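Subject: Structure handover

Hello,

Please find the structure below. Notes on what was found in it follow.

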Amino acid sequence: MTARTKRNRLFAAGVVAASVSLVLTGCSSSKSESSGAPNASTTVNEVKADPKLAALVPDDVKAAGKLVVGADASYAPDEFKDDSGKIIGMDVDLADAIAKKLGLTAEVQDSGFTAIIPGIQSNKFQLGMSSFTDNKEREQIVDMVTYFNSGSAIAVKKGNPEKIDPKDLCGKKVAVQTGTTQADEIKDTRNPDCAKAGKPGIQNDGDKFDLQTDVTNAVVSGRDQAMMADSQVVDYAIKQSGGQLEKVGDTYGVAPYGVALAKGSKLTPAVQGAVQSLIDDGTYKQILTKWGVEAGALDKSTVNGAVS
């Protein structure tokens with residue numbers, strides 16, 4: 001499975017309450033780091049409403065004039081807070097662009113990751129854009145509009161002093177975000193495999209944190225020996241760590257992210273159409289390039305396109 005299946009993320013570092021410079025202990029942060037955008041100078045098309053897509057928006061949403069979007073703002077570079085506390089990131093820019101295509105505005109609200117889908121079901125949010133991996137289990141309770149490809153990756157301290165083998169984490173202390181695909185991977189796959197091999201499992205089914213930034217800091221501080229998260233989140237953490245972290249092994253378990261909507265929502269076709277329109281007119285690729293994650297670009301958006 002891949003990235004933030006249950007969200008596979010939450011990239012929080014103690015100080016990143018606002019910046020993603022992950023103030024990892026002792027890390028210096030440049031202006032570009034605190035701004036969060038690796039390619040902040042990238043030009044992004046002005047997005048205008050598409051009348052045909054806007055016509056698909058349900059009347060109650062049209063009347064409100066906005067899409068309320070739930071996001072766990074601790075998962076840089078996808079969604080996080082800048083130094084002023086404003087929520088920024090790839091998902092935020094895409095949510096804004098989707099809303100504009102539909103003649104609406106996006107109101108992105110910070111939420112605990114595990115509270116987003118219940119919030120969609122209770123109509124607190126119309127959309128969830130928080131690096132949700134689209135999987136069969138999730139599609140049973142919400143619609144998922146695919147918009148990005150991500151996998152899982154593992155990071156350790158620079159130089160890998162603990163000699164961590166990414167294919168054998170048995171007996172190791174591994175930091176993960178609560179409710180993510182990686183947390184499930186440890187509990188459902190890696191530790192059972194360790195038991196079959198007669199080895200001790202990853203300690204405590206993983207050292208779990210509510211925020212991804214705390215996951216990162218657990219490795220930087222030496223509390224844990226490795227961290228598991230979505231691939232682009234690991235890459236970004238490494239960039240922001242000031243040389244304190246490195247990736248071990250390859251990205252694996254690549255699968256699509258999905259915009260989450262209420263199951264059977266009349267808004268789903270409109271959102272899928274908006275994502276595809278952004279892909280077709282080049283705006284989508286510009287947004288991904290701005291955040292340095294263009295390697296995860298999709299050519300086609302689908303509804304409920306889980307691969308597992």
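**Strand E9 and its neighbours**

Strand E6 (residues 142-157) and E9 are antiparallel and are joined by four bridges; two strands pair if DSSP finds at least two bridges between them. Helices (H or I, at least four residues) and strands (E, at least two) are DSSP runs, numbered from the N terminus. Ile154 has Met228 in E9 as its bridge partner. On the parallel side, two bridges connect strand E7 (residues 174-177) with E9, where Val174 stands opposite Ala226. Five of the five residues of E9 (residues 226-230) are buried, so the strand is largely enclosed by the rest of the structure. Buried means under 20% relative accessible area, exposed over 50%, and partly exposed in between (1.4 Å probe, protein chains only).

Residues are numbered from 1 along each chain as its sequence is written, and side-chain values use heavy atoms, with hydrogens and water left out.

The average pLDDT (the predictor's confidence in each residue, from 0 to 100) is 88 for the protein, and 87% of the residues score at least 70. Residues 5-35 have a pLDDT below 50, although this stretch has 145 contacts in the model beyond near neighbours in sequence; contact means heavy atoms within 4.5 Å. Where pLDDT is low, the predicted coordinates should not be read in detail.

**Disulfide**

One disulfide (a pair of cysteine sulfur atoms within 2.5 Å) turns up in a search of the whole structure. Its members are Cys170 and Cys194, with sulfur atoms 2.0 Å apart. Cys170 sits in the loop between E6 and E7 and Cys194 in helix H7 (residues 181-196), so the pair ties together parts that are 24 residues apart in sequence. The torsion about the S-S bond of Cys170 and Cys194 is about -95°, so the disulfide is left-handed. Both Cys170 and Cys194 are buried.

**Nonpolar cores**

A nonpolar core is a set of buried Ala, Val, Leu, Ile, Met, Phe, Trp, Tyr and Cys residues joined through side-chain atoms within 4.5 Å. The largest one has 59 residues, of which Leu67, Ile98, Leu102, Tyr147 and Val271 touch the most other members. Helix H4 (residues 90-101) gives the largest share of this core, seven residues. Leaving aside residues up to four places away in sequence, Val271 touches Ile98, Leu102, Leu127, Val145, Val259 and Leu261. Another core, of 12 residues, lies apart from it and includes Ala183, Ile186, Met228 and Val248.

**Aromatic pairs**

There are five aromatic pairs in the structure. Rings of Phe, Tyr and Trp (its six-membered ring) pair if their centres lie within 6.5 Å; planes under 30 degrees apart count as stacked, over 60 as edge-to-face and the rest as tilted. Phe80 and Tyr236 have ring centres 6.3 Å apart and planes at 45°, so the pair is tilted. The pair links distant parts of the chain, with Phe80 in strand E2 (residues 80-81) and Tyr236 in helix H9 (residues 231-240), 156 residues apart. Phe80 is buried, with a relative accessible area of 1%, and Tyr236 is buried too, at 3%. Phe80, Tyr236 and Trp291 are linked into a cluster by ring pairs.

Regards

Note on methods. This is a predicted model: local features need pLDDT of at least 70, side-chain atom pairs count only at pLDDT 80 or more; totals for chains, interfaces and linings use all residues.
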